[in-house]
Structures are given as C-alpha cells and as structure tokens.
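Biologist: Hi, I'm new to this one. Could you walk me through it?
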Amino acid sequence: MSAGLVLLALLAGFFVLRPEIWTRAFFVRVDPRPAGLLRIAFGIVVLWTLLCLAPNVHLFFTDEGLLLPAMARETSGSPLRQLWDPVRGFEHWWSPLQALLGSSSILQLRSDPALVFVIYGLTLASAALMTLGVWTTVTTAATWVLAEQLYRYDSMFANGGDLVIRAFLFLALFCRWGEAYSVDAWRRRRRELLAGASQLPALRFIPAWPLRLMMIQLALIYFLNGWHKTGPGWRDGTALYYALNLDHFYRVPAQGVVTWLQYLGVLPVLTWLTRGWEFAFPLALVGVALRGYEADRRAGSWPTAGAPRRIASWLVLAAAGLTAAWITRGPLVWAMAAAALVLVLLYRVIRARRPLLFRFVLDWLLGKRVWLVFGVALHLGIDLGMNIGTFPQVMVAVYLAWLTGPDVDAFWRFVLRAAPAVRIRHHPDEASVRQAALLRLREHAPGLAFAADPAVEPRSLHVDLVDHLGSLRGPEAALALAPLFPALWWLRPFRRISPLRAPAGRIALRLLGQRSSG
C-alpha cells in the first residue's frame, strides 16, 4: 500500500473513532451571509474575467480562430475522440453521458461563430443573475456548465485565476449561497411578510460543508504553491526580482526601482515570506478548528468522548502527521510536525497556565485575520505590479468563505458607522406596518428607527433625517435611505444631479419594495 493511501486511511480512521468531530466540522448549519457576500464578490470577478475575454472570443473559441473542433478534441484529450465520429455520430446511446463526464465541450463538435457567441452571451447572463441571486441554484449550475464549454474547448488562454474560478464554481453547485443578499431571499421573505407572518422572516441557515470544502481548497492551493516553490530563486530570494522584471508580466517598466528594492533586501524578504506564508497557510485551518472547539467548550456544547477513544484518535492523528512528513521528506515539514506535536502536548498546559500566550497563539499566530490580511496585501501587490489576469481578485474573493456571522456584523458596523440616523414614520394600520417592515428585512441598517403616525397616508413612508429640516416623502425619501442600504449605493451619485433625482428615487422605491406614490 502506498504512503498516500496509508495517510488517507489514517485520516479516515480518526473520523471513524471521532464521528462527532466530523459532524461538528461539516454537518452543522451556519449563517448564510458570508456565503451571500462570497457569491457577490466571486460573481463579480467571474463576470469581469468573462468580459475580459470579449475581444478574443472569436479568436479563441470559433472554428475561424485558432482551433478547429477536431484540433480542440485532440489538444484537450477529449473522450470525444473515441466516442464520436463526424460521419457516424456517437458510438452508443450512452456515449454522450461518457463525454459529459470527461473533458468534453459542445464546441468540440461544432464551433461556428453563431453558436459560440450564443454560449458566451448565455454565460454572461447566467453569471450576472447568479451574482444578483436570481434563481440562484439554477443560474449557478448554468454558469458552471456554460463556462466549462469555453474552458474545455481551448484552455491555452487560461491562467491560475481561471483554474480557481472553475474549481470554486464547481463547489458552489453544492452551496446554498442564495439564502442571503440575493433577490431570491428578498422575494421569499417579502412574500412571507406580506402574507401575514407574525414576525420578521429570518434568514435560513445553510449547510456548512460546501464552505468548509472551499476553505480546504484554498488552503491546498496555497500549500501546494508553497511546496513547489523549490527553485534556486526562491531559496536565494531573487524570485520576485526576476518576476517583476519580466516584460511579459510587469504593468510598467520599473527595473530601476525593482533593482534598488532587491539591493536593499526588501524583495528577498518578501520572497521568503511569500513562500513560507503559502506553505504554512493550512495553520489558518488549524486556528479556525481550535477557535471553534474553544467556543463550543465554553458553551458546553462540544461533543464528548470516552478517554480510550480520545487517546486512540489522537494517536491515529499523530501517525497521520508523521506519515505526511515522511511523504514530503522535507526538513521544514518535519519541523512543522514536531511543532504541532509540542503544541498538542502543551495545549492544555498553556491554556490553563499561560492564558495571554494562549490567546496570542489562537488569535494571532493561528488567527485568520493575520493569514488573510497578509494574503490581501500580497495579492494587492501582485495586481499592482504584474498583469496576470484576474488571479489576484479571485483569490481575495474566495477569502469570504472564511467569514462568520459575527465577522459580517463587525464589517457592516464599520462600513455604516457614519450612516445618518433616520426615523421612518408610517400609518399604524396592518398593511402599512407590513409595508414598512420590508425595510427591516435589510438587517444591516443600524441608524433606522420606526414610528407609527396616523397623519401619514396608508402604505406610505415619511423619512425624517437628523440633519434635515422637515420630512421627505416618496422618491426623495427612498433616495435619502440610499446610504443605509448597500443595494442602493450605486444610486447615491444621482442625489446631486437634479434632473436624475426623481428617476433615481423611483428606482430606489421599487428596490425597497415601497409604493411609488406619495
């Protein structure tokens, strides 16, 4: 049996001994808002990536460009080479299914410009609907299927960012990321509220395992990148120097600046930091697991197990770590394995006797804020200095899979900290109360207060601003609420353009689900 199979068997053995940990890690339900933010950010990057292809769609994907369908079948290693014949068609009735399971694309059968541009347009449309959260499950699946038709036909244009997009689009098929910050979620909650719900319809929590797989996928991407950075340039600190001097990649010629940064030791340090950070990124997963364990332990909800089962499971896990170190046979891996063993042995001691050190290790050394902030800075620097497509943007977008509900709350408190205080007055009848309550569905509006006022017309809103004399109504009122609702932020510039204020206000009313009169 190979060492890789032994490692997988040991990991499986750990979860057989401790199934409650497997359940706690993967089969719980979590706040849907991080997944909703992930959908929006990731969808925007996918759209931008596809739009960047627009000038070259004819060249890359049609039979009037670089490849004919037969050439595309050969270069991609498509199973259509054996399953389909241009004269006789498919060999068996089940051959199309076999082709779908392989690296096949409909464009490998026919790639005339009309069909290619239809598929490209549908991909753009489905990605836009997915980003907005319209029929999210269907449009996510459609985006993955349609994008695969392009990627599988000709992958010569693709870079690392495209590979990440393909991987995470596939994982998104299993993620219910349309349960928050989406048109679907808004329609569901609006329908329930107006139908007579006795309280505000809550967001539906979603299964955690697709998000956990996304986190593991990201950790593997970084770890394997760090592991394969073994060339002399990464060891002597010149890798970034040479990369930033490649005229195929740099955005502007800056050889003089780059040379001085190398001479002063800045680029060598960044080179070593980058490799070490990527290689050690799985520690961020360890930190997430330990913080979850500590939170459950304090709450008394951590699943318990008998001492024999606990000891056996940790021995199996230690054996898995040693097996992984033996497979890689690297001194750094052995050092990490030894450090992990020491940490496990001293974990309870440090927690009991050195609480400050324990919090430092948990919140900073293993804290996701350190690992992810460094990653944002790294990818921002890459994007500023090098033209490598949307790889930096897509990598940062998938960081949102690591967020939790409290992280989202803290984010909105920070973003909306300067939002104006607003009082909304509405008629006290039930229909008006329910109509006004639609605004409460947008839970990240801290400065929003409501008051019943018989003087207000039924099913109409009056908005009072703390820094405004008098009351605003109708489109003016809706436009005044734009700073409080991120979905309306794109309308904020129109507040200062007189001819466009009224149309923008009517759009805001419509988006808020309010009446357009009054």
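This is a predicted model: local features need pLDDT of at least 70, side-chain atom pairs count only at pLDDT 80 or more; totals for chains, interfaces and linings use all residues.

Biologist: Which residue forms a salt bridge with Glu-148?
Modeller: Arg-152 does, with the closest N and O atoms 3.0 Å apart. A salt bridge here is a side-chain nitrogen of Lys or Arg within 4 Å of a carboxyl oxygen of Asp or Glu. Arg-152 counts as buried too, at 17% relative accessibility.

Biologist: And how many residues apart are Arg-152 and Glu-148 in helix H9?
Modeller: Four, so about one helical turn separates them in H9 (residues 136-153). Helices are DSSP runs (H or I, at least four residues), numbered from the N terminus.

Biologist: How many salt bridges does the structure hold?
Modeller: 20. Among them, Arg-297 pairs with Glu-294 at 3.1 Å between the closest N and O atoms. Both lie in helix H17 (residues 282-299), three residues apart. Glu-294 is buried at 2% relative accessibility, while Arg-297 is partly exposed at 37%.

Biologist: What about Arg-501, which residue does its side chain meet in a salt bridge?
Modeller: Glu-476, at 2.5 Å from N to O. Arg-501 is in helix H26 (residues 498-512) and Glu-476 in helix H25 (residues 474-480), so the pair ties together parts that are 25 residues apart in sequence.

Biologist: Switching topic: where do H3 and H23 meet?
Modeller: Arg-33, Pro-34 and Leu-37 in H3 meet Gly-405, Val-408, Asp-409 and Trp-412 in H23, where contact means heavy atoms within 4.5 Å. The axes of H3 (residues 33-52) and H23 (residues 405-415) come within 8 Å and cross at roughly 65°. Those axes are lines fitted to C-alpha atoms over the stretch in contact, with angles from 0 to 180 degrees between N-to-C directions.

Biologist: Last one: which helix lies around Leu-270?
Modeller: Leu-270 lies in helix H16. Leu-270 counts as partly exposed, at 36% relative accessibility.

Methods
Residues are numbered from 1 along each chain as its sequence is written. Side-chain values use heavy atoms; hydrogens and water are left out. Helices (H or I, at least four residues) and strands (E, at least two) are DSSP runs, numbered from the N terminus. Buried means under 20% relative accessible area, exposed over 50%, partly exposed in between (1.4 Å probe, protein chains only).
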